[in-house]
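Dear colleague,

I am passing on the structure below, together with some notes on what turned up when I went through it. Please read them with the structure open beside you.

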Amino acid sequence: MNRYIVISDLRFNDLNVHRADAAKQFAWNALAWRTRLVTTSTLLFTAILAAGLQAAENISVLGNKPRWNILEHYQQTITRGEFAHLINDVYGTHGFAPDLIEIEDDTARILMNRDAQKFFTLRFASGREEQKLVPRLWRSAKSLPRAKRDKLLSGLKIALDPGHLGGSWAKMEERWFQVGDSKPVQEGDLTLRVAQLLATRLRDLGAKVSFVRSVDEPTTSTRPDDFRELARKILIKNGVPQPRADVLEPTDPGKEQTIRWQSEILFYRYSEIRRRAALVNFKLHPDLVICLHFNAEGWGDPTNPTLTDTNHLHLLVNGSFLAEELEFDDERFEMIRRLLSRAYDEELPLADTIALAMARETGLPPYAYPTTNSTTKVGTSGYVYARNLLATRLYRCPVVYCEPYVMNSNDVFARIQAGDYEGTRKINGVERKSIFREYADSVANGLVDYYSNARGGSRSPNPMPQPAPSAK
Ligand SMILES: [Zn+2]
């Protein structure tokens, strides 16, 4: 489930626009103090001064400084036509300021820093034959060695990312509701159960499976209190001059303007997902990541939730950046890097294939977003959208983000209450597998469909082995 975040990046943008001025002001203050306080740490002053002297960088919340020189490795790895297609149809579908990315005949000019008027020049390959190999650590289906008999996923490295935290964090992350005295529904616990069942199935098929989260605890070592000062600054910059410290109750209408609520979201979303990205990118090095979620419709009061008859399925891949998001130097850099890695070429057909397998198994109709403000429909299955989520952007490999089942639908709620079991049981008059097994089996079946078709294996009549690309 991925409900709308109320502190939008647009509002963070306001903060970042002002951050350059703030840095300069701090530097000035530091100079003034230095004349009086000779014992204060020189190191601290140096850091502050350096920040003040640099051209202002526009970085998203908790974002990393972009390392533009990395893009040098991607020179002449893409043709102009492919680059333009990916910008126009996948990543930049909501438009953006014209100075951010300019596509010329042989090059693309990408803005690195507006204050300094610095640009990165990407040189296109003159044709498909002239394209250099794309540097990357993950392997496409076509570049994997031929599958072993009956082990259709042999050699494939899959990382499973069970969404959210669950456990004692579920209420804080607003992934918790309870109907009467029934067992509370906690999305983070449901996704972890699915991941465990899915891992068993994938290992039986020969895959090497790792977990981005394997317990109901955060992977980040930070906690909400570490972000109180940042939360306060964000609120002040967003027009809340004297933010309240605490939330009064879960239904408190002003909760999003409190330091408590903001510092919690900085912890469980921004810090947590950035930590997971570091695990994926620097430790696990998978060929793909499957993000596991359950969807929901607005449930109102979590202690007296609204149940609905609506139920649906959709999958997400990265793309569809908002114009405001592309203003951030780090998000623009990450978008270009992702585009050049060609993760989309792999994750789109993967997502389409998994979606069809999930639709077959669950019988769920495709979700239709109420607006096209943040998503773009892509692929051929009717179930897949491009959307710029932190996880789909930051994990440097193909990422398929699954959003089946409305947790607060009458049907799904009853199935969650029934728990996990083997075989089938009658629920609401229908013989069903446990919802956890149905979810895990459908994703596993989709992966088998995709990889047995795309790589050489016992199911593939015409295996076409290809050399592995050079890893950077
Ligand atoms: Zn979720």
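This is a predicted model: local features need pLDDT of at least 70, side-chain atom pairs count only at pLDDT 80 or more; totals for chains, interfaces and linings use all residues.

Residues are numbered from 1 along each chain as its sequence is written.

Overall picture

The secondary structure of the protein comes to twelve helices and 14 strands, these being DSSP runs numbered from the N terminus (helices H or I with at least four residues, strands E with at least two). Of its 472 residues, 42% count as buried; a residue is buried if 20 or more other C-beta atoms lie within 10 Å of its own, exposed if 12 or fewer, and partly exposed in between, with C-beta atoms placed from the backbone. Among the contacts with a separation of 6 or more, 77% come from residues 24 or more positions apart, a contact being two C-beta atoms, placed from the backbone, that lie within 7 Å.

Helix 12 and its partners

Helix 12 covers residues 435–454, and 14 of its 20 residues are buried, so it is largely enclosed by the rest of the structure. Its end C-alpha atoms are 29 Å apart, which agrees with the 28 Å that its 20 residues should span at 1.5 Å a residue; the expected span is 1.5 Å times one less than the number of residues.

Two packed helices are described by the angle between their axes and the distance between the axes. For helix 9 and helix 12, the axes come within 8 Å and cross at roughly 135°. That makes helix 9 oblique to helix 12. The axes are lines fitted to C-alpha atoms, for helices over the stretch in contact, with angles from 0 to 180 degrees between N-to-C directions; angles under 35 degrees count as roughly parallel, over 145 as roughly antiparallel, 65 to 115 as roughly perpendicular and the rest as oblique. On the helix 9 side the meeting residues include Pro349, Leu350 and Glu361, and on the helix 12 side they include Glu438, Asp441 and Tyr450. By class, this contact of helix 9 with helix 12 has eight nonpolar, five polar and four charged residues, where Ala, Val, Leu, Ile, Met, Phe, Trp, Tyr, Cys and Pro count as nonpolar, Asp, Glu, Lys and Arg as charged, and the others, Gly among them, as polar.

Helix 4 (residues 187–204) also packs here, its axis coming within 9 Å of that of helix 12 and crossing at roughly 45°. Helix 4 and helix 12 are therefore oblique to each other, and the crossing is right-handed. The contact is made by Arg193, Val194, Leu197, Leu198, Arg201 and Leu202 of helix 4 and by Phe436, Arg437, Tyr439, Ala440, Asp441, Val443 and Ala444 of helix 12. By class, the contact of helix 4 with helix 12 has nine nonpolar, no polar and four charged residues.

Asp441, which lies in helix 12, touches Arg201 and Glu361, not counting residues up to four places away in sequence. The C-alpha atoms of Asp441 and Arg201 are separated by 7.6 Å, although the two residues are 240 apart along the chain. Asp441 is partly exposed, with 18 other C-beta atoms within 10 Å.

Helix 8

Helix 8 is mostly covered, eleven of its 13 residues being buried. The buried residues pack against helix 3 (80–91), strand 2 (107–113), helix 7 (323–327), helix 9 (343–362) and helix 10 (390–394). Helix 8 is followed by Arg342, whose phi is positive, near 60°.

Other backbone points

Most residues other than glycine have a negative phi, and most peptide bonds are trans. Gln76, in the loop between helix 2 (42–53) and helix 3, has a positive phi of about 60° although it is not a glycine. His285, in the loop between helix 6 and strand 8 (288–292), likewise is not a glycine and has a positive phi of about 45°.

With best wishes

Notes. A crossing is left-handed if the near helix is turned anticlockwise from the far one by less than a right angle, and right-handed if clockwise.
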